Structure formats: C-alpha cells, structure tokens
Amino acid sequence: MPKGDSERTIAECSNCGNTYAAEEWSGGAIQPIGAKNGCPGCGSTEFQVIEDTSAIDFHED
Ligand SMILES: [Zn+2]
C-alpha cells in the first residue's frame, strides 16, 4: 500500500474502458478502490485518470 496523500478520482481501464472509483496517490500511482489486483473485468493493471467526471454516473459503496 502506498504511503502519503491520495485523492479520490475516477479511473478508466486502459484495456477495456471500464471506469472505477479510484485513489490517485501523490507518487502518481492509480489504485482503483476494491480492485487491488487489477481490473475486475479484464485483469489489466493499467489505468488512467478521467479528468472530467461530470458525465460519469457510478455507484460507490
Ligand atoms: Zn479492464
């Protein structure tokens, strides 16, 4: 688990395009919340932050 500050954001899987609630750490790491082992849909560990979250409707537990 990275140490330091993190910021809640939305990340998109670079492979399949699924979006997840995520944390962006100060070091630049993107950690989807509840998906520590990678994308639940395809297993990819490559994610990119979505800058504009206004059009995304996601459910957060
Ligand atoms: Zn994926």
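What you have on screen is a predicted model, where local features need pLDDT of at least 70, side-chain atom pairs count only at pLDDT 80 or more, and totals for chains, interfaces and linings use all residues. Residues are numbered from 1 along each chain as its sequence is written.

The protein has four strands and zero helices. Here helices (H or I, at least four residues) and strands (E, at least two) are DSSP runs, numbered from the N terminus. Along the sequence the pattern reads β-β-β-β.

Now the sheet. The four strands make an open sheet in the order β3-β2-β1-β4, with antiparallel pairing; two strands pair if DSSP finds at least two bridges between them. At the edges stand β3 (30-32) and β4 (47-49), each with a single partner strand, so one side of each has no neighbour in the sheet. Direction ignored, neighbouring strands are turned by 45° against each other on average, with axes being lines fitted to C-alpha atoms, for helices over the stretch in contact, and angles running from 0 to 180 degrees between N-to-C directions.

Let's walk through the pairs. Strand β1 (residues 6-13) pairs with strand β2 (residues 19-25) over seven bridges, in the antiparallel sense. If you want landmarks, I10 has A21 as its bridge partner in β2, and A11 has Y20. These two strands form a hairpin with five residues between them, and G17 in the turn has a positive phi of about 85°.

Is F47 buried or exposed? F47 counts as buried because it has 25 C-beta neighbours inside 10 Å. The cut-offs are these: a residue is buried if 20 or more other C-beta atoms lie within 10 Å of its own, exposed if 12 or fewer, and partly exposed in between, with C-beta atoms placed from the backbone. Of the 61 residues of the protein, 13% count as buried.

What does F47 touch? Leaving out residues up to four places away in sequence, F47 touches A11, E12, C13, S14, A22, I30 and P32; contact needs C-beta atoms, placed from the backbone, within 7 Å. Among contacts between residues at least 6 apart in sequence, 46% join residues at least 24 apart.

Technical notes. Two residues are in contact if their C-beta atoms, placed from the backbone, lie within 7 Å.
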